[in-house]
Amino acid sequence: MTLQQAIQYFSDPDNCVKYMVEQRWPDGVVVCPTCGRRDVSWLATQRKWQCKSRHAKRQFSAKVGTIFEDSPLGLDKWILATWMITNCKNGVSSYEIARNIGVTQKSAWFMLHRIRLAMKDESPARTMGQAGKPVEVDETFIGGKAKNKHLSARKQDEPKMVVMGMLDRSSREVRAKVVPNAKRETLQAEILKNIVKVGTVYTDGHVGYDQLNQLRYIHETVNHVNEYVRGNVHTQGIENFWSCLKRTLTGTYVAVEPFHLDSYVDEQVFRFNNRKGKNDEQRFAKVLSQVAGKRLTYAELAGKVGETAF
Ligand SMILES: [Zn+2]
């Protein structure tokens, strides 16, 4: 399916419901999100189901229990926005979404933030490096981009944010998240959480990584002052991910609030980890299969708006 075909297919509300059912309930049995009953009836004229038990939210649409719940926007608009953010190589701005699906830019901005929740993969503990190949670990600083400000004004009011990332050389999976700082205890805690014990870790010479041997990791470093590659030892895979992230942040998303950086990182991780071996439709289906059980209210999002942009 191409974007044009997707637009055509999902303009039929019945197709939207059918597709959502396939992703949310792969065995074909629609389950009441409130009580779990599996024998609900379909009310065709309302495109809703009705649970046989008497409780609140007895009637429910395909949006109930997902990131789309409580939105006045139709499933067709949500589905197209999901398609676009999932498959645009460098991300998609709220302005593009607004133009393409016919909502306001503010609505589109909120939609994108909800959809990014579904793009967040759950990462099982200590599975990186389990195939025996090294894991590249690195951290990068985001922020401080203020073209219109005087050099003297830059340092104090634009704190840089730290993003830490890991790339498994075997699976090519990337994990990345915003961390409070680049101190040893912070970086080590993330490594312990994600990388299998006795695994091999490649980093640069940052002091935050200098005690990994004591944590029973096999640790190799490249000293970026005079070398970038020492045989097989380098961190160019994760650095490539940083370039993709920064390109998206500066090219597509003009101003990123610090509070929201994590969700842009999640989006980029999804795009990176699903870029190979899947076509547009498979990537899209994966995100739709992850829309259930996650919620983000407008208040939660809007309450954080107003922090310093960078
Ligand atoms: Zn029920």
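This is a predicted model: local features need pLDDT of at least 70, side-chain atom pairs count only at pLDDT 80 or more; totals for chains, interfaces and linings use all residues.
Residues are numbered from 1 along each chain as its sequence is written, and side-chain values use heavy atoms, with hydrogens and water left out. Local features need pLDDT of at least 70 and side-chain atom pairs count only at pLDDT 80 or more, while totals for chains, interfaces and linings use all residues.

Let's start at the metal. The zinc ion takes its protein donors from C32 (SG), C35 (SG), C51 (SG) and H55 (NE2), at 2.1 to 2.3 Å. Donors here are N, O and S atoms within 2.8 Å of the metal (3.2 Å for Na, K and Ca), and since water is not among the atoms, sites may look incomplete. Along the chain, the donor residues follow the spacing C-x2-C-x15-C-x3-H. The 4 donor atoms make angles of 105 to 113 degrees, which gives a tetrahedral site; that label asks of four donors that all angles lie between 85 and 135 degrees. For reference, the ideal angle for four tetrahedral donors is 109.5 degrees. As for accessibility, C51 is buried at a relative accessible area of 1%, whereas H55 is partly exposed at 23%. Buried means under 20% relative accessible area, exposed over 50%, and partly exposed in between (1.4 Å probe, protein chains only).

Next, the largest pocket, which holds about 380 Å³ of space. A pocket, on a 1 Å grid over the protein atoms alone, is an open set of points where a 1.4 Å probe fits, with protein on both sides within 12 Å along at least five of seven lines; lining residues have an atom within 4 Å of a point. The volume is the space filled by probe spheres set on the points, which are joined across faces, edges and corners. There are 22 lining residues, and K120, S123, R175, A176 and K177 lie nearest the centre. β5 (161–168), β6 (174–179), α7 (184–194) and α9 (261–273) each give at least two residues to the lining, with α9 supplying the largest share, 5 residues. These elements are DSSP runs numbered from the N terminus: helices are H or I with at least four residues, strands E with at least two. By class, the lining has 8 nonpolar, 4 polar and 10 charged residues. Ala, Val, Leu, Ile, Met, Phe, Trp, Tyr, Cys and Pro count as nonpolar, Asp, Glu, Lys and Arg as charged, and the others, Gly among them, as polar.

Now for helix α3, residues 75–87. Its 13 residues reach 18 Å from first C-alpha to last, close to the 18 Å expected at 1.5 Å a residue (1.5 Å times one less than the number of residues). Since 11 of the 13 are buried, α3 is largely enclosed by the rest of the structure; W78, W83 and N87 are among those buried residues. K77 also sits in α3, but is partly exposed at 25%. Its C-alpha lies 8.8 Å from that of S11, 66 residues away in sequence.

Finally, the loops. Most residues other than glycine have a negative phi. D70, in the loop between β3 (59–60) and α3, has a positive phi of about 70 degrees and is exposed at 59%. V198, in the loop between α7 and β7 (200–204), also has a positive phi, near 65 degrees, and is partly exposed at 46%. G205 lies in the loop between β7 and β8 (218–222) and is exposed at 55%. The C-alpha atoms of G205 and H224 are 7.0 Å apart, with the two residues 19 apart along the chain.

Terms used:
Four donors count as tetrahedral if all angles lie between 85 and 135 degrees; four count as square planar and six as octahedral if opposite donors are over 155 degrees apart and all others between 65 and 115; anything else is irregular.
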